[in-house]
Amino acid sequence: MEWIRELYNMLPNGRLEKKQFVDGLLKLALEELAKKPDPLTKGWCLFSICDAYAMLRDGESQFVWHWKFFEHAHSLGEKFTFWAVADQTQRFTLEQCGHGDLWWEMYFAACENNPEITPENEIIAFNAHRTATAFSPAGKVETLRKLVAEENYRLLLDGTKQSRNFPYYKAVYTANLSDDTEEIFAVGDSLLEGLAGPEFEMKFIPGEWEYLATERNECYYARIAVGAAVNSLIRHDNISLAKTLYEKAIKYGLPCSRYIERLIY
């Protein structure tokens with residue numbers, strides 16, 4: 001199924017192309033996979049279908065496919081259930097279209113399937129808990145869901161204190177959940193030097209299991225954590241601190257963000 005990955009890499013980033021990709025190539029790939037099973041490639045196809053509909057803000061179509069994706073992921077093993085809840089855009093589109101219950105049901109099931117943090121599920125668990133605690137444009141998350149997601153993230157932190165990625169996990173936790181802008185700024189500022197390191201060379205394409213479950217390097221995680229801190233400061237309406245942190249981060253090597261710059265300048 002290497003041909004589908006090659007076509008994906010050549011795909012323009014427009015809305016029409018994404019819809020054509022879903023309606024044509026990905027569904028054709030699933031038909032081919034029914035003849036010659038390749039479980040991980042099928043999972044990537046299902047992820048990509050959900051992701052394309054999410055980016056198109058077509059929550060109704062995403063809703064139809066997302067449970068299929070979760071069921072397939074579950075058939076691969078317990079850790080794979082986090083695969084279905086590791087993307088923020090997918091969560092936000094379901095919530096905005098009135099199908100947030102599905103996302104949270106899948107998230108809670110994935111957490112129940114993975115009661116302990118292990119080297120095999122650490123990275124994908126981080127992506128899932130980061131997604132669960134991210135600020136939702138759809139509005140306030142139900143209190144119980146928010147509390148459970150916070151506790152799950154705390155359990156991740158407890159289980160990864162010896163991990164070299166712990167400072168980044170903690171920084172994203174702080175950015176997502178703290179209301180103290182000075183604290184948010186401080187954790188972002190403490191990680192700036194990591195931005196100066198070599199970029200991570202990704203061998204996989206977005207949505208593949210390995211893309212979401214493979215450990216990255218210091219530069220990659222610093223970008224995630226510092227970016228989360230800047231966006232959190234913006235969300236808390238502390239534009240001055242957001243601008244200061246962003247401008248310092250740019251000097252260390254953070255790529256420019258037109259989205260952030262529209263909000264702080």
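Visitor: In what order do the elements of the protein chain run from the N terminus on?

Guide: This is a predicted model, where local features need pLDDT of at least 70, side-chain atom pairs count only at pLDDT 80 or more, and totals for chains, interfaces and linings use all residues. Numbering starts from 1 along each chain as its sequence is written, and side-chain values use heavy atoms, with hydrogens and water left out. Helices (H or I, at least four residues) and strands (E, at least two) are DSSP runs numbered from the N terminus, and the chain has 14 helices and 0 strands. The order is therefore α-α-α-α-α-α-α-α-α-α-α-α-α-α.

Visitor: What is the radius of gyration of the protein chain, and how does that sit with the globule rule?

Guide: The rule is 2.2 Å times the number of residues to the power 0.38, and the radius is taken over C-alpha atoms. For 265 residues the rule gives 18 Å, and the chain comes close to that, so it's as compact as a globular protein of that length. Its radius of gyration is 18 Å.

Visitor: How many of the residues of α7 are buried?

Guide: Buried means under 20% relative accessible area, exposed over 50%, and partly exposed in between (1.4 Å probe, protein chains only). Helix α7 is largely enclosed by the rest of the structure, because the buried count is 12 of the 12.

Visitor: Which elements do the buried residues of α7 pack against?

Guide: Contact here means heavy atoms within 4.5 Å. The buried set includes F126, H129 and R130. Their partners are α5 (88-96), α6 (100-113), α8 (143-159), α9 (166-177), α11 (209-213) and α12 (218-235).

Visitor: How far apart are the end C-alpha atoms of α7?

Guide: The expected span is 1.5 Å times one less than the number of residues. For the 12 residues of α7 (residues 122-133) that should be 16 Å, and the model agrees. The ends are 16 Å apart.

Visitor: Is Q62 buried or exposed, and which residues does Q62 touch?

Guide: Q62 sits in helix α4 (residues 59-76). At 0% relative accessibility, Q62 counts as buried. Leaving out residues up to four places away in sequence, Q62 touches C50, Y53, A54, Q90, T93 and L94.

Visitor: Is E31 buried or exposed?

Guide: E31 belongs to helix α2 (residues 15-35). With 51% relative accessibility, E31 counts as exposed.
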